[in-house]
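Hello,

Here is the structure I promised to pass on to you.

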Amino acid sequence: VIADSISSKTFKKLTEAQEMMARDDIPGAINELELLLPEVQAESLDRALTLQMLGYAEMSAERFDIAIGHLRASLALDKLPESVKYNVGYMVAQLYAALGRYDQALEFASGWFASLENPKPSQMMFMANIYAQTKRFEEAIPYAENAIETSEQPSESWYQLITSANFEIKDFPQAGKWLRRLVERWPAKGSYWEQLASVYVMME
């Protein structure tokens, strides 16, 4: 929380709510923040930060729809510092993804991702996943490929995603390439050998 540009009263209340959340007193924190909300000025940084924390608290309570409402309201005020804004955008994208609303997740995730200077492999995979869930397989592939190539320990599910995306667009040579890598890394899994054999059959 940026102490210098918000009122000291709001800062104090937000700190109290944060401490409650740290102690797992989520209902107490939500109550505190809901009492604070009508007291802060409309269109202010105080309000944006209060809504942001309320969103995080509701997220901890697993009320994702309510959390999204607060976080979007916080973003809409356009008062949050850039770095905070993009983290909130990412959070909204994750919440939409958790609710299975991938089109809306993508809308938020693309803005967030564009702001990253050096995306981590896990962040690239988050994008690959959302594109795959929205059936935009061709767009998912470069993200997944990038994630695998830049990660020291790419997980098996990443290889599975890029393989199935290539199957979906009927790019069998690429599907075969990734299946060969799956077979190399997890040779005990018979299903990968079977899929690889069927790819060779398709490619004659």
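Below is what I found in it, grouped by region.

A word on the basis of these notes: this is a predicted model, in which local features need pLDDT of at least 70 and side-chain atom pairs count only at pLDDT 80 or more, while totals for chains, interfaces and linings use all residues. Residues are numbered from 1 along each chain as its sequence is written, and side-chain values use heavy atoms, with hydrogens and water left out.

**The core**

Let me start on the inside. The largest nonpolar core has 67 residues; such a core is a set of buried Ala, Val, Leu, Ile, Met, Phe, Trp, Tyr and Cys residues joined through side-chain atoms within 4.5 Å. Here and below, buried means under 20% relative accessible area, exposed over 50%, and partly exposed in between (1.4 Å probe, protein chains only). Val88 and Val92 are the residues with the most contacts inside this core. Not counting residues up to four places away in sequence, Val88 touches Gln52, Tyr56, Leu71, Leu75 and Leu80, where contact means heavy atoms within 4.5 Å. As background, nonpolar side chains tend to be buried together in soluble globular proteins.

**Helix 2**

Helix 2 covers residues 26-36. Helices (H or I, at least four residues) and strands (E, at least two) are DSSP runs, numbered from the N terminus. Which residues of helix 2 are buried? They are Ile26, Gly28, Ala29, Ile30, Glu32, Leu33 and Leu36. Their cover includes helix 1 (8-22) and helix 3 (45-60).

Leaving aside neighbours within four places in sequence, Ile30 is in contact with Leu54, Ala57, Glu58, Ala61 and Arg63. Ile30 and Glu58 are 28 residues apart in sequence, with 7.2 Å between their C-alpha atoms.

**Salt bridges**

How many salt bridges does the structure hold? There are 11, each being a side-chain nitrogen of Lys or Arg within 4 Å of a carboxyl oxygen of Asp or Glu.

One of them joins the side chains of Arg101 and Asp65, at 2.9 Å from N to O. This pair links distant parts of the chain, 36 residues apart: Arg101 is in the loop between helix 5 (82-98) and helix 6 (102-114), and Asp65 is in helix 4 (residues 64-76). Arg101 counts as partly exposed because its relative accessibility is 30%, and Asp65 is partly exposed at 47%.

Glu156 forms a salt bridge with Lys189, and the closest N and O atoms are 2.9 Å apart. Distant parts of the chain are linked here too, 33 residues apart, with Glu156 in helix 9 (residues 156-168) and Lys189 in the loop between helix 10 (172-185) and helix 11. Glu156 has 17% relative accessibility and therefore counts as buried, whereas Lys189 is partly exposed at 37%. Elsewhere, salt bridges that share partners join Asp78, Glu82 and Lys85 into one network. Within it, the side chains of Asp78 and Lys85 meet at 3.6 Å, N to O. Lys85 is buried, with a relative accessible area of 19%.

**Two positive phi values**

Asp78, in the loop between helix 4 and helix 5, has a phi near 55°, a positive value in a residue other than glycine. Asp78 is exposed, with a relative accessible area of 55%. Lys170, in the loop between helix 9 and helix 10, has a positive phi as well, near 60°. At 61% relative accessibility, Lys170 counts as exposed. For context, most residues other than glycine have a negative phi.

**A buried asparagine**

Beyond the neighbours within four places in sequence, Asn166 is in contact with Ile141, Asp171, Gln174, Ala175 and Trp178.

Happy to go through any of this with you.

Best wishes
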